[in-house]
Amino acid sequence: IETRQTSRKLTSQLERGSGFGEFVGTSKPMREVYDLIQSLSSTDASAIITGESGTGKELAARTIHRLSKRVDGPFIAVNSAAIPETLIESEVFGHEKGAFTGAVGTRPGCFELASGGTLFLDEIGEMPPQLQPKLLRVLEDGKVRRLGGKQEFEFDVRVIAATNQEPRNAIQEGRLREDLYYRLTVFTVHLPPLRDRKEDIPLLAQHFIGEFNKKHGTTVEALREEPLEMLTAYSWPGNVREFRNVMERALILSKGEWIETFHLPPYLRNPGSESS
């Protein structure tokens, strides 16, 4: 009965709004993030979002975009770590037909595609070093030239960058240019890891139960107390992304009203065991 009452209280709290945009959590570190996002949204300033993998950096960037005057413009995301080094320059700046082997047509770059909106440069510390001075020049001039092209295009884009590295370390190690970092970082938004906001875990768990009940057509009510304690005790190296996956798996396995201890992955039930 107590678990059911707790779940209803959490569900009611979620319905009233317990977060900001798509973020869920009322802890002090998250409230500070929400305040900063709100301030950022009313300006057109560039920003860097820092935080470990899985903390929601792209979600923060999308929230800033959605609350800004650029909401009707495009949101274009480029992940520097996911694009092969040979293609990233063409992806960012675009190319003219014949600019390089395989350039069979003209392609606009991200700055052109994002004009009037927001360009999100994810994992900026992974951008090839030879590309960073070109990016800096484009940001300072407000003009971009496609590879193999002669014409420069003006653009109206708000740039938000993100990194899962500590920017100072990336600069010291030569992976991130200091002048590019300062050009981008009018504001810095740091997303805390889940282990530093564990008081948000019950609310997050209930949020994902609601989300996955809709997705899978299930009627799970809540977590039992013991699995909730296990979720709270764990350090979550993969942060909210890992937590979300664990919750979806547990809900699918539960087949009833409650998520029990044995529905959690073995590494949560036996903290000494290997992560699977």
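This is a predicted model: local features need pLDDT of at least 70, side-chain atom pairs count only at pLDDT 80 or more; totals for chains, interfaces and linings use all residues.
Helices here are DSSP runs of at least four residues and strands are runs of at least two, numbered from the N terminus. Four elements each put at least two residues into the lining of the largest pocket: strand S2 (23–24), helix H3 (57–67), helix H9 (201–216) and helix H11 (239–254). H9 gives the largest share, 4 residues. The lining runs to 20 residues in total, with Gly54, Thr55, Gly56, Leu59 and Val240 nearest the centre of the pocket. By type, the lining splits into 9 charged, 6 nonpolar and 5 polar residues, and the space inside comes to about 480 Å³.

Turning to charge pairs, the whole structure holds 16 salt bridges. One of them joins Arg70 to Asp44, with the closest N and O atoms 2.8 Å apart. Arg70 sits in the loop between H3 and strand S4 (75–79), and Asp44 in the loop between helix H2 (28–41) and strand S3 (47–50), so the bridge ties together parts 26 residues apart in sequence. Arg70 is buried, at 6% relative accessible area, whereas Asp44 is partly exposed at 34%. Both also belong to a salt-bridge network that takes in Asp156.

Within helix H3, Arg62 and Glu58 lie 4 residues apart, about one turn of the helix, and their side chains meet in a salt bridge at 2.9 Å, N to O.

Lys134 is partly exposed, at 31%.

Conventions. Residues are numbered from 1 along each chain as its sequence is written. Side-chain values use heavy atoms; hydrogens and water are left out. On a 1 Å grid over the protein atoms alone, a cavity is a set of points where a 1.4 Å probe fits but cannot get out, and a pocket is an open set with protein on both sides within 12 Å along at least five of seven lines; lining residues have an atom within 4 Å of a point. Grid points are joined across faces, edges and corners, and a volume is the space filled by probe spheres set on the points. Ala, Val, Leu, Ile, Met, Phe, Trp, Tyr, Cys and Pro count as nonpolar, Asp, Glu, Lys and Arg as charged, and the others, Gly among them, as polar. A salt bridge is a side-chain nitrogen of Lys or Arg within 4 Å of a carboxyl oxygen of Asp or Glu. Buried means under 20% relative accessible area, exposed over 50%, partly exposed in between (1.4 Å probe, protein chains only).
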